Amino acid sequence: MNCEEFEGYISLYIDDEIDDDSRISFKNHMEQCKECEQKYQKVFETVSLCRDLEEFELPDEFASAIIKKVKRESPLKSLFRSFTVKKFYEKGMWKAVASTAAIIVFILIVVSNSNLLNYKADGSSEAQEDIGILSEGALPSENTQYYTDNVVESAQEPGIIKRSMPFEKEEELLNNMDLSNPNKKLIRRAAVQLEVEKLDEKFNEIFQTVESKGGYVENSTVWTSTTTTGPQKMSNLILRVPEQRFDEILFFIEKMGDIKSKSIIGDDKTLEYIDLQARMRNMELQEQKLLGILDKASNVQEILEIMREVSSIRSEIESMTAQLKNWDNLVQYSTINLDMSEITSSKKGINTKSYEGLLGKVSEAFILSVNKLIDIGALVLIYIGSIVPIILLIAVIIAIIFILYRVLTYREQK
Amino acid sequence: MEYNEKDIIEKCKLGDNNAFEILIKNYDKKVYNMIYRIMGNKEDALDLTQEVFIKVYKGISTFRGDSSFSTWLYRLATNTCFDENRKKKNKKTHSLDKPIETEYGEFKRDLRDDTYNPDEMLIKKEIQNLVQKAISMLPEEQRVMIVLRDIQGFTYKEISEILQCSMGTVKSRISRGRLALKNILESLEEPFFKNYV
């Protein structure tokens, strides 16, 4: 054993934690080396100095003071103590809290920018933003109320021709019917639902086209509707177009976007029209005759009676004339009820068409899952967005509890 | 009343304050002296001892008896000291001021004492103060070893349990601690070892 090793064994020797072999060589070395023996003595002395250190007494009331302190400690408080603000700083918890707050703020910004906060599950609520009724006075102005009444009325009548898909055949049929007899009184109505991109542009385009073709806009509404995918612009147009231009304009409108639904109604009023005309002519003849009788009337009572008869016939003739005029108008100007809703192009995702072969299929699958991921990501964002207010509320409540607790403990310490 | 630790601890777990008081009285002196030697400051030691027993009160329900209660208690005490030292490192002005203040305070009390104490007593007290000063100069890990082994008299095994480190670590730290303490005492102006060599 050399002096260096000896030093390492001093403590073990003192504490008797040394094995027998080492103890013998330790003792041997100590006998040979004066310096090491001195070192051993000094360490031994150090140890005994430590052992001799006196013990200090605690104040008598120490234990009872702790009991008192502990008694004041309610279970709720002791739960809180582990979360005191002091520890909060010492344990570096503020870093975690700060970064969480930053993430929440970030999400908030993202969500509010993409308007996802407007999310509502059923999408039923609509924030209507009515641009107003744009009624052009090009013709005797149409009363909307009257128009709807007429629809109800005509729907009950037997002469109605109503068809839905397929669009093309139906159109042909209507065209043939129309062109076969120029005197035919056919009221035509079309209802079209479209999905378009850039609704405002399309809206104005339709407006201009209709006017340039001699038609007019009877009613137009634009509003924003909130749906699951965010706000959606929608519009409703009631167009009146010259009967001859009906097909032309309808074709033009259909090209504007994707057709969601379309229906054309041809309401044949020919028989009723002729009937009404005949009745009116009868009435007129009757009126003429009554007027002849009136000239021959001798006493006042007769005159009054005939006058009453004449005036009732006159009013009937008038209402018939109005009805005929209205029919003429409806026949001359066909009605197109156009609903448009805006779709954003991003919703469509990446187009998967035009990929062929194995490689094409692989890339198609890839794009499909990317699109799915985008959808899921959007949903997650929406969900987080909907949770944010709740989280904020909880945070506020926790903060209030913290402050209350701190105030309470501070008072107690005082 | 006979002291049965297991019973006492069970009672403490149920929230019996009398049992807890007995438990405190049984250990407070040892804990206090241990903390004092590690911290080198009586005021701190008193506060920390209190803190330790409050921690015991709160944590006793989590004490499962895997180790002996004393080991658990001393581990709590040493950890509390380490925490306190770590805090003090962050506010250095305090750590520099406090020991000087206490050193001064104790010195004052010694002066008062010496009017009726014999000279030997005074010398002994002075030596003790110097030894404490020397211990305070040791690095924390060695100081704890000296306190546990040479002042409190724990075995190597107990120390390894309290500090949750290996026997090898305990051995080497005790060895280095003692040699370091010896060197510090030698370097002090007082010729410590003259009388004994």
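How many residues does the contact take from chain A and from chain B? In this predicted model, local features need pLDDT of at least 70, side-chain atom pairs count only at pLDDT 80 or more, and totals for chains, interfaces and linings use all residues, while side-chain values use heavy atoms, with hydrogens and water left out. Residues are numbered from 1 along each chain as its sequence is written, and chains are lettered from A and ligands numbered from 1 in the order in which they are written.

The contact takes 40 residues from chain A and 44 residues from chain B, where contact means heavy atoms within 4.5 Å. About 4000 Å² is buried between chain A and chain B, 66% of it on carbon and sulfur atoms; buried area is the accessible area (1.4 Å probe) that two parts lose on being put together, summed over both. Between the two chains the count is 6 salt bridges, a salt bridge being a side-chain nitrogen of Lys or Arg within 4 Å of a carboxyl oxygen of Asp or Glu. In one salt bridge, E54(A) pairs with K125(B), and the closest N and O atoms are 3.7 Å apart.

Chain A has 14 helices and 7 strands, whereas chain B has 9 helices and 0 strands. Helices (H or I, at least four residues) and strands (E, at least two) are DSSP runs, numbered from the N terminus. Buried residues make up 33% of the 414 residues in chain A and 47% of the 197 residues in chain B; buried means under 20% relative accessible area, exposed over 50%, and partly exposed in between (1.4 Å probe, protein chains only).

The largest nonpolar core has 77 residues, and those with the most contacts inside it are F20(B), L23(B), V31(B), I35(B), V56(B) and F69(B). A nonpolar core is a set of buried Ala, Val, Leu, Ile, Met, Phe, Trp, Tyr and Cys residues joined through side-chain atoms within 4.5 Å. Helix α2 (residues 17-39) of chain B gives the most to this core, with 12 residues. Domain 1 (3-51) and domain 2 (60-121 + 352-414) of chain A both give residues to this core, so the core lies between them; the domain bounds come from an automatic or database domain assignment. A second, separate core of 23 residues includes F207(A), F246(A), M256(A) and L338(A).

Over all chains, the structure holds 30 salt bridges. R51(A) and D15(A) form one of them, with the closest N and O atoms 3.9 Å apart. This pair links distant parts of the chain, with R51(A) in helix α3 and D15(A) in helix α1 of chain A, 36 residues apart. R51(A) is partly exposed, at 42% relative accessible area, whereas D15(A) is buried, at 10%. In chain B, D150(B) forms a salt bridge with R178(B), the closest N and O atoms being 2.6 Å apart. D150(B) lies in helix α7 (residues 140-151) and R178(B) in helix α9 (residues 167-187), 28 residues apart, and both residues are buried. A network of salt bridges links D15(A), R51(A), R149(B), D150(B) and R178(B).
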